[in-house]
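Hi,

Here is the structure I promised to send over. Have a look first, and then read on for what turned up.

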Number of protein chains: 2
Amino acid sequence: MPPAPDLAAVQAYLLDLQDRICAGLAAEDGQAAFATDEWTREKPAASAGPALGGGGRTRILTDGAVFEKAGVAFSHVTGAALPPSATAHRPELAGRPWVALGVSLVIHPRNPRVPTSHANVRFFATTGPAGPTPPVASAIGHSSLVIGHSSAAAAPPPVWWFGGGFDLTPYYGYEEDCVHWHRTARAALAPFGEELYPRFKQTCDDYFFLKHRGEPRGVGGVFFDDFSALGFERSFALLRAVGDAYLPAYRPIVARRKNTATTAAERDWQLYRRGRYVEFNLVQDRGTLFGLQSGGRTESILMSLPPLVRWDYARVPAPGTEEHRLHTDFLRPRDWASEP
Amino acid sequence: MPPAPDLAAVQAYLLDLQDRICAGLAAEDGQAAFATDEWTREKPAASAGPALGGGGRTRILTDGAVFEKAGVAFSHVTGAALPPSATAHRPELAGRPWVALGVSLVIHPRNPRVPTSHANVRFFATTGPAGPTPPVASAIGHSSLVIGHSSAAAAPPPVWWFGGGFDLTPYYGYEEDCVHWHRTARAALAPFGEELYPRFKQTCDDYFFLKHRGEPRGVGGVFFDDFSALGFERSFALLRAVGDAYLPAYRPIVARRKNTATTAAERDWQLYRRGRYVEFNLVQDRGTLFGLQSGGRTESILMSLPPLVRWDYARVPAPGTEEHRLHTDFLRPRDWASEP
């Protein structure tokens, strides 16, 4: 029998990653600091929906010199019964108690020449069989929970996986930024197998695509889900490689663009394009919908939404403009890591 | 056998209603005019998803003196197979060809003292049995389509209904406005039965409720769906009564508030509260999700989104302020029509 996943080690890594990312972004901002909001909640089984407990540490920077809103959230959530939205591709897991740990972040820069970035790294495990009176996890907010030691003799084996990745959403396209972003991702994954980057890059392109617009959300990156193929230790190492690569992927791009002169028209375009981010997160994003449906903490889930957004009816940029070039040259699948 | 529904009469009413509402709102604005965008589209059966055809006349006013964005859309859409999202409470209709006609509007005023309003009136009918090669309606954009005369001998009877209503979303609460809004709705429905207003008011309260916020979207109004109880002629008269009542319900409120002095802080609150509107429409609204899932025209569907919106993390108004009073006194179910 393989060793049980080490939830405490995952949690320690995630909290440290959150601190390191916040420190790096605050240094890049140079003006604003992250505020910290620790929260716990427990939803009793008697209320509507399955019992749900959780805790988290939300860190948010607002109105910085460089970042208009930067949210970096750690959360540790347990539930008595997995909702259907989380198990679309694994219907046999519906109804099981579960635990989810993760760091999720969305960074909305002020300057339209700096792209928005998103990253998350997370660990998920079921903690027992489905049933009318499932063993609700009581260890909320710390990680002494032992996975896979259910007392029910006929309990199915525990299921666990890692997921995550990062993707980039520019308002104005710079090819060298996209190349740097993707090459950093490719280098982080290379020790785990050369086939992973193209596979995770494709998953990212497929996932961050606005169906109702027929349009990618941005220039992609890497994304993986339901990953346990390398066993716990090596899969966890892969998660760390991806988490650790986010700051080296993003920060140089921010540094390069943050002082670019910009105009009110460019700001307007940025606010308009941010609308696509809202549309994706509220209409399609599985994590957002899972959180809202499972009774998660709304403020932490919707921290990803941009600070200021506009919608215009049937807005189409004029051919030949940089705004038009974003659509034609950047918002389409490209093999960025192999660009010359 | 009851007479077939008169699609041409419904369409003529809806187009005239759209004109009258636009004329009334433009007069109230006094500065900006509605632009008209006529569109048709046909999605061939060979593309992803069921065959879909449609046409519409979208009218939109932007950057007015009073209205920052006012969209009033007429649409006439036909589909070869009803998607599951439209038939949650009538699974037997899934897969049938259908036609939907409607006027839908959302008005976003500039002054935070003027509430946002939403209304729609619509007619829906299936036009044949479900099947691998359904008789796709070819009469797109005009109303010669005859409902219920399918050539298939074993075809189920046609199903049709009316739906609609209007609801109000203030940023600052005024009790007299809420009372006027609800009394206008009650008076419009009274000729069709005294029980309808309380029933439709309750449906509106139930529907326009943000589950993930535990919060009503606004102060409600009336809303009904799947309505055919009075037969075609009388049900259509009820639809007209509701459609005709919208302008007398809304315009006096706009006139009363549009010149109220306002501050930057109130504007900020308005932009923040508009975020709730976006959340509701993109996460919960059946019409929006049906439209996006069925391959509808995205620009017309998302015309309802506010022109400018902000999200702030964990924003809570201070007790004693007007912003706080919106939550405590207005964003809860109240029997407005019976207020003294």
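Which side chain of chain B meets Glu299(A) in a salt bridge? That would be Arg213(B), at 2.9 Å from N to O; a salt bridge here is a side-chain nitrogen of Lys or Arg within 4 Å of a carboxyl oxygen of Asp or Glu. Between chain B and chain A the count is two salt bridges.

Before the rest, some housekeeping. This is a predicted model, where local features need pLDDT of at least 70 and side-chain atom pairs count only at pLDDT 80 or more, while totals for chains, interfaces and linings use all residues. Residues are numbered from 1 along each chain as its sequence is written, chains are lettered from A and ligands numbered from 1 in the order in which they are written, and side-chain values use heavy atoms, with hydrogens and water left out.

Now the interface. Contact (heavy atoms within 4.5 Å) links 29 residues of chain B with 29 residues of chain A. Together the chains bury about 2500 Å², 63% of it on carbon and sulfur atoms; this is accessible area (1.4 Å probe) lost on putting the two parts together, summed over both. Glu299(B), Trp311(B) and Tyr313(B) supply 32% of what chain B buries against chain A, more than any other three residues.

There is also some strand pairing (at least two DSSP bridges between two strands). Strands, marked E, are DSSP runs of at least two residues, numbered from the N terminus. E10 of chain A (residues 308-310) pairs with E10(B) in the antiparallel sense over three bridges, and Val309(A) has Val309(B) as its bridge partner.

Best wishes

Notes: Helix = DSSP H or I, 4+ residues; strand = E, 2+ residues; numbered from the N terminus.
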